[in-house]
4 protein chains.
Amino acid sequence: MSAEDFNHLMGLEMLSASADEVTAQLAISDKLRQPYGLVHGGVLASVAETLASVGTHLGVHEQGNVAVGMSNHTSFLRPMLQGTIHAVARPRHRGRTTWLWDVDITDDDGRSCAIARLAIAVRPQRP
Amino acid sequence: MSAEDFNHLMGLEMLSASADEVTAQLAISDKLRQPYGLVHGGVLASVAETLASVGTHLGVHEQGNVAVGMSNHTSFLRPMLQGTIHAVARPRHRGRTTWLWDVDITDDDGRSCAIARLAIAVRPQRP
Amino acid sequence: MSAEDFNHLMGLEMLSASADEVTAQLAISDKLRQPYGLVHGGVLASVAETLASVGTHLGVHEQGNVAVGMSNHTSFLRPMLQGTIHAVARPRHRGRTTWLWDVDITDDDGRSCAIARLAIAVRPQRP
Amino acid sequence: MSAEDFNHLMGLEMLSASADEVTAQLAISDKLRQPYGLVHGGVLASVAETLASVGTHLGVHEQGNVAVGMSNHTSFLRPMLQGTIHAVARPRHRGRTTWLWDVDITDDDGRSCAIARLAIAVRPQRP
């Protein structure tokens, strides 16, 4: 990841990454909050997007394919106020043209704060 | 919006806001990109989240209610590479306990790049 | 449509169908209800699925492609009790590999009762 | 369930039901198929809707509440042609006003054919 990109901007720290599971964490600070003081829901959707994309990329790039986000459905269960955002992504389906991922986002007490389901398309890399 | 929050971090510029329509724009730069060089899908989901939340807030806060994001389903139609992200949010349903919004995201040529459907809960403000 | 299939079972009556718009209606009777007496949410999701699939089929089958449902996200806005279910489907995106549709479902008074967003894959027909 | 309702129409056979897990099965026959001969996607969405609604009902009705479907997002992974549809629903979140469920639908060989995420609202029963 580039030092300039959106994952860096959010402060995303990748902990592990493979086509079977991707994990990351993120320290909560003001820059991730919305006006009410909670973590912005878009941060959680963004983390889910990164993890599912990275995991798909790792599973398909050696065959000359790229991972392209198609849809991201994030459900918010509990507001996050402080501490660390913990995220785990696991594939639910690895098709020839589409991968589906489930991402679980928890707080420091292991409580589920958001769950996301993502569809990532697998497309041939253009030369 | 605070000068420190996530909307500021992304560079979101609110253009108009009411309970009937919210519009915003965002200049594309490296900080909004993912490793392939495209705008990170999470940015588009985040913009949708902000617009639907602000619009619901404007419709319910005078009755002592707050807007709480429940679900954000963003579909990505076309990669965004440069220029400006344009977003328009309109409510599809304004219920007593839930509002539904559709957000359309277009590029400088007016092409649809993402569409999002969001459910925002309306909850009594805690004293 | 076969006289034996699921659309017939529900009593779906197709009113118009093209790659630009598909419309249908359905008379409400006990067989479409759930135990509380309302129209079963699955009926509304099913109608949306049929319309989006038929519309995509009409747009792609002459090129030797088939339409394959990928995802159906139906949101329920208002319970339906009696009368007729009216449905209109329009494409939001017609890509090479995926079409996205929005379906609006209304009652006899024109009130919005459900909205659905569907992704339909376009795949080459196997010989 | 009434002998006249939509679950009966589809031939849904409930196997077990509690607020922690609901399971059901359904024999595939022509009446559940779409024109291409596969099980209609709406059938799978409908089964998911029934299971999540029944499970929420069992968890909230003793407190004088009813379960009301809000949103059903079903993803289709693999076409179903014959045999039996097997469905298992488990709650991912049991909030005061909303329950979220994941439903897994498999074929006779245990292969995942569809996954669904549903939001079911919990509302006070009107007298």
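**Chains A and B.** I took contact to mean heavy atoms within 4.5 Å.

Next I superposed chain A on chain B: a turn of 180° with a shift of 0.0 Å along the axis does it, at an RMSD of 0.0 Å. The two copies are thus related as by a two-fold rotation axis.

**Chains A and C.** I repeated the check with chain C. Chain A goes onto chain C by a rotation of 180° and 0.0 Å of shift along its axis, RMSD 0.0 Å. Here too, 100% of the interface residues of chain A are interface residues in chain C, so the copies meet through the same surface.

**A:D107.** I found A:D107 in the loop between β5 (98–106) and β6 (112–124) of chain A; strands are DSSP runs of E, at least two residues, numbered from the N terminus. Is A:D107 buried or exposed? A:D107 counts as buried because its relative accessibility is 9%, and buried means under 20% relative accessible area, exposed over 50% (1.4 Å probe, protein chains only).

The side chains of A:D107 and A:R111 are joined by a polar contact of 2.9 Å, that is, a pair of N or O atoms within 3.5 Å, where within protein one must be able to donate a hydrogen and the other to accept it, and residues adjacent in sequence count only if both atoms are side-chain atoms. Leaving out residues up to four places away in sequence, A:D107 touches A:R78, A:M80, A:T84, A:H86 and A:C113.

**Conventions.** Residues are numbered from 1 along each chain as its sequence is written, and chains are lettered from A and ligands numbered from 1 in the order in which they are written. In this predicted model local features need pLDDT of at least 70, side-chain atom pairs count only at pLDDT 80 or more, and totals for chains, interfaces and linings use all residues, while side-chain values use heavy atoms, with hydrogens and water left out.

Conventions:
Least-squares fit on C-alpha atoms with pLDDT ≥ 70 in both. Helix = DSSP H or I, 4+ residues; strand = E, 2+ residues; numbered from the N terminus.
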